[in-house]
Amino acid sequence: MGGLNEYGFLELDANWAASHFSVSVVEIEDMIQVLQSLDPIGVGAKDLTDCLLIQLRELEDYNELAYTIVKKY
């Protein structure tokens, strides 16, 4: 159960993982954030939108408009 698919998206339910590994959901979510910060930025995102949002947050020239467009559309 879980793991990265062929596109680098994480197919893992945080609640299942927390139960399976006897840790809190918060710990699993923290671990997922670390994974998503690795190279390439956004690996382990849940989908394309999530991946793009992660990448936009990491840009030196953060663009709120671009972030909003990706998030809403």
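Which residues in H3 meet which residues in H4? Thr49, Leu52, Leu53, Leu56 and Arg57 in H3 meet Ala66, Tyr67, Val70 and Lys71 in H4, where contact means heavy atoms within 4.5 Å.

The structure is a predicted model, in which local features need pLDDT of at least 70 and side-chain atom pairs count only at pLDDT 80 or more, while totals for chains, interfaces and linings use all residues. Residues are numbered from 1 along each chain as its sequence is written, and side-chain values use heavy atoms, with hydrogens and water left out.

The protein chain has four helices and zero strands. Helices (H or I, at least four residues) and strands (E, at least two) are DSSP runs, numbered from the N terminus. Read from the N terminus on, the elements run α-α-α-α. The C-alpha trace spans about 40 × 25 × 25 Å along its principal axes. The accessible surface of the chain comes to about 5,400 Å², and 55% of this belongs to carbon and sulfur atoms; accessible areas come from the Shrake-Rupley method with a 1.4 Å probe, and for residues only the protein chains shown count as cover. Of the 73 residues, 26% count as buried. Buried means under 20% relative accessible area, exposed means over 50%, and partly exposed lies in between (1.4 Å probe, protein chains only). Among contacts between residues at least 6 apart in sequence, 24% join residues at least 24 apart.

Leaving aside neighbours within four places in sequence, alanine 18 is in contact with Val23, Ser24, Val25 and Ile28. Alanine 18 and glutamate 29 are eleven residues apart in sequence, and their C-alpha atoms are 9.3 Å apart in space.

Between helix H1 (14-21) and H2 there is a loop that holds serine 22. Serine 22 is not a glycine, although it has a positive phi of about 55 degrees. With 68% relative accessibility, serine 22 counts as exposed.

Next comes H2, where valine 26 has its place. Valine 26 has 52% relative accessibility and therefore counts as exposed. From valine 26 to asparagine 15, eleven residues away in sequence, the C-alpha to C-alpha distance is 9.5 Å. Serine 37 is also found in H2; at 42% relative accessibility, serine 37 counts as partly exposed.

Proline 40 lies in the loop between helix H2 (25-37) and H3. A cis peptide bond joins aspartate 39 and proline 40, with omega at about 0 degrees.

The last two helices bring back the opening question. Two packed helices are described by the angle between their axes and the distance between the axes. Helix H3 (residues 48-58) and H4 pack at an angle of about 170 degrees, and their axes are 9 Å apart. Here axes are lines fitted to C-alpha atoms, for helices over the stretch in contact, and angles run from 0 to 180 degrees between N-to-C directions. H3 and H4 are therefore roughly antiparallel to each other; angles under 35 degrees count as roughly parallel, over 145 as roughly antiparallel, 65 to 115 as roughly perpendicular and the rest as oblique.

Threonine 49 is one of the H3 residues that meet H4. Threonine 49 is partly exposed, with a relative accessible area of 35%. Its C-alpha atom and that of lysine 71, 22 residues apart along the chain, are separated by 6.8 Å.

H4 covers residues 64-72 and includes leucine 65. At 58% relative accessibility, leucine 65 counts as exposed. Leu65, Ile69 and Tyr73 form a nonpolar patch on the surface, with about 410 Å² of accessible area together. Patches are made of residues with over 30% relative accessible area and no salt bridge; like charges are joined within 9 Å, and nonpolar side chains (Val, Leu, Ile, Met, Phe, Trp, Tyr) within 5 Å. A salt bridge is a side-chain nitrogen of Lys or Arg within 4 Å of a carboxyl oxygen of Asp or Glu.
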